Amino acid sequence: MTQTPAGLPKLGITLFSLTLEMRRSDYTLEGMIRRVAELDLGPGLEVVGFQSLRGWPNVSDEFATGFRGLLDECELVPTAMSMNLDLARRRDRRMTEEEALEYVERQMEAGKKLGFPIGKSAILSTPGFVEGLARIAERLEMRFGVEVHSPESVDSPHVAHLRELFDAVGSPLLGFVPDFSASMHDVPPSLVRAHRESGMSEELIALVSEVWHSDATMPEKFGRFHEEAGKLGASPGDVGKLNMVLTMHGSMDPRRWAELMPQVVHVHGKFYGIDESGNEPSIDHEAIMNVLVESGYDGYISSEWEGHAYTDAMSGYEVCRGHHDLCRRLLLQSAQTAGTSRAH
Amino acid sequence: MLTEQVIADGSLRARGDAFTFGLRMPWYRALPLSSLEGLDVRIDDDVIATDELRISLGGTTYALADLPPLHEEWWYVADAAEVRAPKAGGLAPGPHVLDVTVALRIPYIVESGHPLVMRERCVKRLAA
């Protein structure tokens, strides 16, 4: 595995990028991990427990031994275990705080057994839950991160509330996982292309792009989009797909991540495509890599391709290869600039 | 993209006075069986009564009404469920239009106490 120089962020992948690849009839987890290693998409490996691991969070000793051995053999390093808090798994009621803690604890234990030093999941934003979570993290000697994903941003009330709760508990083990989806400057061209090919009208695509770029609050954007899409005669299915554009792509200035960096435990390098010049056309990776380098963050960035939600025209492996090349180039450039400015 | 896989390609089979097909999950991760909130099946514009559908997973067969309490049982994302639907007189050999809508509760995306419910429709022309 190619490493980034010491002191810089490290690269990796989440197998979530390979969501379509895992649905093929010849899929095996082992084969996928070996392919990731062959393509030098590590050294960091993140998995979604409920996606990649049958029976999660039940992990047998035999499976854990095999999994750890395979990663060692492939020179891959387990980074974050992506978990879920299924608050509504019961039809009759939501989970209690105690049940939610147990649910997360079982997954943290399973992640630990597989060698992961970090768990990530959404949480209940109550003092009792956060205190319990800190105890679990301390007992297991793991860190825990809450993802900051669009439509959330460093400014959202939910994130501000979590920061207060984390401060109150004072555990260095609890923190955040920035997801680049919160800090985009355009609607992904790959998504526009896919919607156009699916037969959506140009007017509707132009409308969602214009509303996305407008300077308005999220509820105002939804309101305007619905009203004008209705006038264009958009089908409920198309409106639903385009709602996702407003929800899943945030427009925060990427430099704002700097405020969160002291509490960042892991990073989701969300992206939607790599263009012919090797850049991500909708996310300013240069600005983000500068923030990461300047903060001194030396944890992992998991390349997380989510274009599979609307296109199967690309290979998840290949597009992640392109993302690694982009991140590596920008990290080295940023380190060089930082070094030069320090020398003067 | 996963919506287009809801009906597994080539999975339609005539079975006496019924037919079966493979149902794949239009979501990226395993979900509890309690998450399968709805299933609507039409074949050649003939609507199959939902309470007559049977869903087999991991060697167990369920009616949709059996699923709500099964929040400890899992539908793994790589596994196709087999759906069996009654069809008086059986399914003639040859092509048919199968139209399936699945409603999936996403148990971790909860807004104001209410989980997101995805409704995904897949229509395919398949040979029995």
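Residues are numbered from 1 along each chain as its sequence is written, and chains are lettered from A, with ligands numbered from 1, in the order in which they are written. Because the model is predicted, local features need pLDDT of at least 70 and side-chain atom pairs count only at pLDDT 80 or more, while totals for chains, interfaces and linings use all residues.

**Chain B**

Select chain B and colour by secondary structure. Chain B has zero helices and eleven strands; helices (H or I, at least four residues) and strands (E, at least two) are DSSP runs, numbered from the N terminus. The C-alpha atoms of chain B fill a box of roughly 45 × 30 × 25 Å along the principal axes. A compact globule of 128 residues would have a radius of gyration near 14 Å, and chain B agrees with 14 Å. That radius is taken over C-alpha atoms, and the globule rule is 2.2 Å times the number of residues to the power 0.38.

Of the 128 residues of chain B, 32% count as buried. A residue is buried if 20 or more other C-beta atoms lie within 10 Å of its own, exposed if 12 or fewer, and partly exposed in between, with C-beta atoms placed from the backbone. Among contacts in chain B with a separation of 6 or more, 73% come from residues 24 or more positions apart. Two residues are in contact if their C-beta atoms, placed from the backbone, lie within 7 Å.

Next, select W75(B). Leaving aside neighbours within four places in sequence, W75(B) is in contact with M25(B), A30(B), L31(B), L33(B), L36(B), L57(B) and A81(B).

**The core and the chain contact**

L133(A) and W75(B) touch the most other members of the largest nonpolar core, which has 114 residues. Domain 1 and domain 2 of chain A both give residues to this core, so it lies between them. A nonpolar core is a set of buried Ala, Val, Leu, Ile, Met, Phe, Trp, Tyr and Cys residues joined through C-beta atoms within 7 Å.

Now show the contact of the two chains: 26 residues come from chain A and 18 residues from chain B. The chain A side that touches chain B has 13 nonpolar, five polar and eight charged residues. For these classes, Ala, Val, Leu, Ile, Met, Phe, Trp, Tyr, Cys and Pro count as nonpolar, Asp, Glu, Lys and Arg as charged, and the others, Gly among them, as polar.

**The domains of chain A**

Colour chain A by domain: domain 1 is 10–187 + 250–343 and domain 2 is 190–243, with bounds from an automatic or database domain assignment. The C-alpha centres of domain 1 and domain 2 of chain A lie 29 Å apart. Seven residues of domain 1 of chain A are in contact with seven residues of domain 2 of chain A. The domain 1 side of that contact has four nonpolar, three polar and no charged residues.

Select helix 7 (189–197) of chain A, where S190(A), L191(A), V192(A) and H195(A) are buried. Their cover includes helix 8 and helix 10 (236–248) of chain A. Just after helix 7, G199(A) takes a positive phi of about 100 degrees.

Move to V208(A) in helix 8 (residues 202–213) of chain A. V208(A) counts as buried, with 27 C-beta neighbours inside 10 Å. Not counting residues up to four places away in sequence, V208(A) touches F225(A), L242(A) and V245(A).

Then select helix 4 (residues 97–113) of chain A. The buried residues of helix 4 include A100(A), L101(A), V104(A) and M108(A). The buried residues of helix 4 pack against helix 2, strand 3 (77–82), strand 4 (118–120) and helix 5 (127–140) of chain A.

**Backbone exceptions**

Most residues other than glycine have a negative phi, and most peptide bonds are trans. Where are the exceptions?

- W56(A) and P57(A) are joined by a cis peptide bond, omega about 5 degrees. P57(A) is in the loop between helix 2 (49–52) and helix 3 (61–73) of chain A.
- S150(A) and P151(A) are also joined by a cis peptide bond, omega about 10 degrees.
- D40(A), not a glycine, has a positive phi of about 60 degrees. D40(A) counts as partly exposed, with 14 C-beta neighbours inside 10 Å.
- S112(B), not a glycine, has a positive phi of about 50 degrees. S112(B) counts as exposed, with 4 C-beta neighbours inside 10 Å.
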